[in-house]
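This report goes through one protein structure, topic by topic. Please keep the sequence and the 3D view open while reading.

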Amino acid sequence: MRGGVWGASRGVCVGRKVPLGLRLPCQPLAERAEQSRGAAWRTPTAPGSGLAAHLGTVAAAEEEATRESRRRPRAGKCSRTSGGSPRALWTVLTWNLSTGMLMSMGPSCQNCTATLRTQNSQSTGNALKRISGLKVPSAPGPLMRDPSSQRPGSSSFLTFTTDLHSTRVQGRSWLELDEASQKAYIMHLLDRLEVINREQRLKVARAILYLAQGTFGECDTEADILHWSRYNSFLLYQMGTFTAFLELLHMETDNSQACSSALRKPAISLADSTELRVLLSVMYLMVENIRLERETDPSGWRAARETFRTELSFPVHSEEPFVLLLFSMITKFCSGLAPHFPMKKVLLLLWKVVLFTLGGFEILQALKIQKRAEFGLPPLAEDSIQVVRSMRAASPPSYTLDLGESQMAPQSSKQRGRRGRKQLLTKQDSLDIYNERDLFKNEEPPPEEEEEPGEAENTLDGELDLLERGPLVPPRPSQTPTTERVTFPKGLPWAPKVRQKDIEHFLEISRNKFIGFTLGQDTDTLVGLPRPIHESVKTLKQHKYISISDVQIKNEEELEKCPMSLGEEEVQQTPCEILYQAMLYNLPQYMIALLKILLAAAPTSKAKTDSINILADVLPEEMPITVLQSMKLGIDVNRHKEIIVKSVSAVLLLLLKHFKLNHIYQFEYVSQHLVFANCIPLILKFFNQNILSYITAKNSISVLDYPSCTIHDLPDLTAESLEAGDNNQFCWRNLFSCINLLRLLNKLTKWKHSRTMMLVVFKSAPILKRALKVKQAMLQLYVLKLLKIQTKYLGRQWRKSNMKTMSAIYQKVRHRMNDDWAYGNDIDARPWDFQAEECTLRANIEAFNSRRYDRPQDSEFAPVDNCLQSVLGQKLELPEDFYYSYELWLEREVFSQPICWEQLLQSH
């Protein structure tokens, strides 16, 4: 170690991996800048000379003032317009991510928002005035100190501006530099990132964070900030910033001193994870900006995106994939070894990396079509995304209200038809996850009281009546022209499906009835059966659906029966396959860790002494002392939990869907570990609340959302403004989480009778029926699916008293042509050995994993060449000394040994 850098000489790039296709010259920055770009500036040699020394004095004085006084006023926007654009002078102290609603549909810039918690002082303004030459007015009056902003000292904006002007580019901003100068300056930052001093590395990381955030101090509009954030992210990646930060992340996760210090503290706060949060924020911004595709992207950006996806998907330099590092951080946090890890940022980054490397729902649909073509299966009858996009939320009329009105005021059939059509038109509006229609715009939902969980059984009909009396809010006045006609879909939304097992079961019953014996799995022989049975079998075969999972299970059975004749299976090394191989041996721990975090973040969970602390990266060092501070901290904590629930649900759903497409037994392996870790009762516990209140919660402060907070003036936050919240009457984040958890529950219980019985045992029917109060088509669809699979176990009385729900299931859920779900006559509804079913599935999974991933080196099934000509024709590599002594070897081993050929032939 010399000169405070890693390496044998000053400026050598040691310890930083370079992306594929990019070679960094291992020479000092000044020489690189002069040779390759002809830069006209260098880093000052004397650290205490000129402007740098002056700025260092100012920063030191500011830190000293911070230690003396903890309470400082917050900063609004300080700008002027004098021959250039106004510059927002902000001190970025804590960056809270708040991504948007959709995972893969609609790559909108609004899907990724952030909150900059700001804090400033008059000394900071004076320092900025000396740096940039702007006329900075004095700081406004004292405002509430942000409870999440406990980091004293400089900010990313101040660090970047100080460092940029310490070079020979005084008077020029980042936006005024050409691309060569920008690249040279990024290399200058990366070289300084490799010093031993921890504080110096943190300052450089903050400067890079300011670039990734879009250099908001030099932009006028939100669109400019988002544009420069995207541009800077590609530029940072091309210069090897991500790999440098990856090395720093490895160092921070392996820092035993920080872990032991956090374990000794009675309460962990934001100050314990400062470095980790800066690193994860930069990596998140780079992944999210590079992941989103635009039609106007240049070819260089498209190539960089594919290279970045490859680097994240496959192990580089014989290391583990990046996803495994994030999973290891999660397990380390849940085990209590690193309680200071910022789990919210880790989970958000994990979600985006999985989404980037594996793909979203649209990519899944394309992969499914491609894989069906490879297996020789017919194309899909419909696109599930398009079908759900066109569905409407169910709102059937209630019994008591309509019957009372009809008895008091009888109407003609024509009038009733008009009234029904008018009600239908007003009830069609719903929260649409795809086209983002705003149902609650300019409307206030009626107040509703919380219901006790114990009253669920007695209030089922009353709760559904609230759903069925009309729309959630009064209908909006129509703004469309009167000539526009509303088109109603005709028929059922889904095409019916029939499994091969259903046809075999139908023929088995028919043959036993008319012939007296069965033919096993033969579905072609119809001799002796009446003509209507022939027509029924023909109709069933017309709607027969063979899934990819059925083909994979059949192929796996053949490989188990004939391992020698079929040979070794060719496994395509896709990103999903690579991820499963890397996660295989620690996958149970990963699933348990995710469920632990989900349990801790659920709004219905109660705090326990032995539970993990997921609020380590949101709680300040000093607890709030005023009502306003307490309200703001409460909003931050609730928002923090909502983001964690969203991230965990999205990660689990993406993994399940991709593993199921890659191989069914990979999906079953993950599913079984989730079931063993009590995922089903956990999700039901999450929904055992007022879901409507959860979806309409207002746990956000719109004036602090990024990037608007860096452009507009920051108003005074009061208790009234925090209590009022924003204008949005629903929260896309919570709706997204609820839909993900419902889909996850459907994935775990579909065609699994033992797990369906778990839904019945835990009395999920009243919990799920309460969720129907949310009028969103996709959410209602998956609730009705869960109700449909357990109706046969709920009894006749339940079906009789819930005919409205049965009707909604018939209208919304796909039909199986010979499925008696509404009558309970299916053979699967009989008593079942559920433990044997899970054990059989587990045996098949273990056989699959053992055959594909636990192949020993010297297997007894290895092929042996027993052909004499083939063996003698092989070219063997003999040792060099054998060529000099082969005559002696022949004499000793062959000629001098007496051989009795007759005895040899008789013995063999």
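Leu 519 sits in the loop that runs between α19 (500-514) and α20 (531-542); helices (H or I, at least four residues) and strands (E, at least two) are DSSP runs, numbered from the N terminus. With a relative accessibility of 36%, Leu 519 counts as partly exposed, because buried means under 20% relative accessible area, exposed over 50%, and partly exposed in between (1.4 Å probe, protein chains only).

Accessible areas come from the Shrake-Rupley method with a 1.4 Å probe, and for residues only the protein chains shown count as cover.

## Model and confidence

This is a predicted model, in which local features need pLDDT of at least 70, side-chain atom pairs count only at pLDDT 80 or more, and totals for chains, interfaces and linings use all residues. Residues are numbered from 1 along each chain as its sequence is written, and side-chain values use heavy atoms, with hydrogens and water left out.

The average pLDDT (the predictor's confidence in each residue, from 0 to 100) is 75 for the protein, and 69% of the residues score at least 70. Over residues 1-154 pLDDT stays under 50, and the model has 360 contacts beyond four places in sequence for them; contact means heavy atoms within 4.5 Å. Residues 396-489 also have pLDDT under 50, with 120 contacts beyond four places in sequence. Where pLDDT is low, the predicted coordinates should not be read in detail.

## Overall make-up

The protein has 908 residues, and 49% of them count as buried. Its secondary structure comes to 39 helices and 3 strands. Of the contacts between residues at least 6 apart in sequence, 79% join residues at least 24 apart. The protein exposes about 45200 Å², of which carbon and sulfur atoms supply 54%.

## Nonpolar cores

A nonpolar core is a set of buried Ala, Val, Leu, Ile, Met, Phe, Trp, Tyr and Cys residues joined through side-chain atoms within 4.5 Å. The largest one has 178 residues, and Phe 322 and Ile 330 have the most contacts inside it. Helix α25 (residues 627-662) gives the largest share of this core, 15 residues. Apart from this core lies another, of 8 residues, among them Ile 503, Leu 507, Leu 529 and Val 537.

Which residues does Ile 330 contact, leaving aside its neighbours within four places in sequence? They are Met 343, Val 346, Leu 347, Leu 350, Ala 593, Leu 594 and Ile 597.

## Backbone details

The peptide bond from Tyr 706 to Pro 707 is cis, with omega near 5 degrees. Pro 707 lies in the loop between β3 (705-706) and α29 (719-724).

Thr 215, in the loop between α6 (198-212) and α7 (222-238), has a positive phi near 45 degrees although Thr 215 is a residue other than glycine. Thr 215 is buried, at a relative accessible area of 0%. Lys 763 is not a glycine either, and has a positive phi of about 55 degrees. Lys 763 is in the loop between α31 (753-761) and α32 (764-771) and, at 56% relative accessibility, counts as exposed.

## Salt bridges

The structure holds 22 salt bridges, each a side-chain nitrogen of Lys or Arg within 4 Å of a carboxyl oxygen of Asp or Glu. In one of them, Arg 198 pairs with Glu 275, the closest N and O atoms being 3.3 Å apart. This pair links distant parts of the chain, with Arg 198 in helix α6 and Glu 275 in helix α10 (residues 274-291), 77 residues apart. Arg 198 is partly exposed at 30%, whereas Glu 275 is buried at 16%.

Glu 179 and Lys 183 also form a salt bridge, with 3.3 Å between the closest N and O atoms. Glu 556, Glu 569, Glu 577, Arg 851 and Arg 852 are linked in a network of salt bridges.
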